[in-house]
Amino acid sequence: MSGRTEGGAVECRHLSSALLLTAASLILPTPAFAHASDRGHVLLLPTGYYLVGGAFAVAVSFLVLALLPAESLDRFWRKRLPLFAFGDVFRTILSLTSFAGFAFLIIAGLFGSRDPLSNPLPLVIWTLLWAGVTLLQGVFGDLWSWLNPWIGPWRLVSRLWGANNEGAWRLPRWLGCWPAVILFFAFAWFELIDPAPDDPARLALAAGLYWLFSFLAMLAFGYRNWSRSGEFLTVFFSMVARFAIVERNEHDRLALCWPGAKLLAAEPLPTSGIAFLLLALSSVSFDGLSKTFFWLGLFGINPLEFPGRTAVVGSGTFGLVLTFVLLAAVFLLAVWLGQCLARSDHTLGQAAGLLVWSIVPIALAYHVAHYLTALLVDGQYALAALSDPFALGWNLFGTADMQIEAGIVAGADSAWWLWNVQAGAIILGHVLAVLVAHGFAWRLHPQPSRAALSQFPLTLLMIAYTVFGLWLLATPTAG
């Protein structure tokens, strides 16, 4: 949930930047931004029924899938509804337009209002990009490959310099996407732990440095190579896009498919790819956990008198690392136990590299549940701020004076529908994850009994994570 004001300073959330991110955050003097939660009410709902119901739904889906013949599941996943062709002609133009907009936002961040709810840079990056584009990717496919602010400038500069598509240097094969893992961790740390992730000038410097760093890396190693290995937004968005219901083949023809169908065509991820997906899920999970009374109580912090983000930098960093390590350990243990039960000949790396794709529906579901209120409220602030980016009284798009309806997420009625949408997203995400995992189980173990046995430990993990996610939604949180 996005932050608000406390003690005259404003705090919000999201997005970070490059290798220089941590250094920049230490060098720049900033006010201490303290977090204040958007949750203005306690959800007095039958939470126990939701927890039991969610676990039951995941368990039943496992049992049903275990009894279905493999041929039926295969026919289900292969169904496509052809649409139309969509060429690559406008990709460069759209990317150059995106870059121009990004540059304008950086200028607004440096010279516009210092209020994160009036300056468009934090609102666009944290709300429209990180929360909104992720959801669009999960529904409509890889829109980011058209909208990212790098490919257009890279193509333009490469053509002017006469450079080839591969770049001057080659990335070693063993590197995988470890640079993206490191940069994603820096992003998560900046979003969740840094005292002032929403300060416009601070964010402008971090985002600008990250764009420049990534652009130089693309010139050195080639756009395609660095996008797959080092640019964490592209790596993340491309993984999420595999869940989408829109598919584009090698001839640029679009087709509709079932949610998650494209995941089953994926190749096993290397160790770095496994780490990346698990980090994506663990970071959003820790974001919810870090605000609970339970977590704060472990470090002797009174949740009713939250001292601000500067007081929890150490515990937050520890928790972010610990959550990732625990999730990775439990996931690998579940996969290993499944392999033992099925007496599999596949290595742990091969099985985990395939089954980790089932994390994508869960990560997307948590993203929906976690950022829903930010999209609903901060999305309105973004529309208003874009009309007056420098707080000079402009009204470029006629939305500068729009009335912000913050009450859409407040009150008893809002609590009911908001909880049900969030809980439904988490339960549905885990059910779809079980479905995807079963598809990979058939790929690893053609025998029905062995495929079902291999999924039993992973299904137990998904049931436990469903209960954990619903508990996070229902438990009281502090700013």
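Me: What should I know before I start?

Reply: This is a predicted model, so local features need pLDDT of at least 70 and side-chain atom pairs count only at pLDDT 80 or more, while totals for chains, interfaces and linings use all residues. Residues are numbered from 1 along each chain as its sequence is written, and side-chain values use heavy atoms, with hydrogens and water left out.

Me: How many helices and strands does the chain have?

Reply: Helices (H or I, at least four residues) and strands (E, at least two) are DSSP runs, numbered from the N terminus. Here the chain has 18 helices and five strands.

Me: What share of the chain is buried?

Reply: A residue is buried under 20% relative accessible area, exposed over 50%, and partly exposed in between (1.4 Å probe, protein chains only). Of the 479 residues in this chain, 54% are buried. The accessible surface, computed by the Shrake-Rupley method with a 1.4 Å probe, comes to about 21000 Å², and 70% of that belongs to carbon and sulfur atoms.

Me: What do contacts say about this chain?

Reply: A contact means heavy atoms within 4.5 Å. Among the contacts in the chain with a separation of 6 or more, 82% are between residues 24 or more positions apart.

Me: How many salt bridges does the structure hold?

Reply: A salt bridge is a side-chain nitrogen of Lys or Arg within 4 Å of a carboxyl oxygen of Asp or Glu. This structure holds four salt bridges. One of them joins the side chains of aspartate 199 and arginine 114, at 2.3 Å from N to O.

Me: Why does that pair tie together separate parts of the chain?

Reply: Aspartate 199 sits in the loop between helix H8 (178-192) and helix H9 (200-221), and arginine 114 in the loop between helix H4 (91-111) and helix H5 (120-140), so the bridge ties parts 85 residues apart in sequence. Aspartate 199 is buried at 3%, whereas arginine 114 is partly exposed at 48%.

Me: Which side chain does arginine 443 meet in a salt bridge?

Reply: Its partner is glutamate 267, at 4.0 Å from N to O. Arginine 443 lies in helix H17 (residues 412-444) and glutamate 267 in the loop between strand S5 (253-257) and helix H12 (271-289), 176 residues apart. Arginine 443 is partly exposed at 36%, and glutamate 267 is exposed at 56%.

Me: Are arginine 202 and aspartate 194 buried or exposed?

Reply: Arginine 202 is buried at 5%, and aspartate 194 is buried at 1%. Their side chains meet in a salt bridge, 3.0 Å from N to O.
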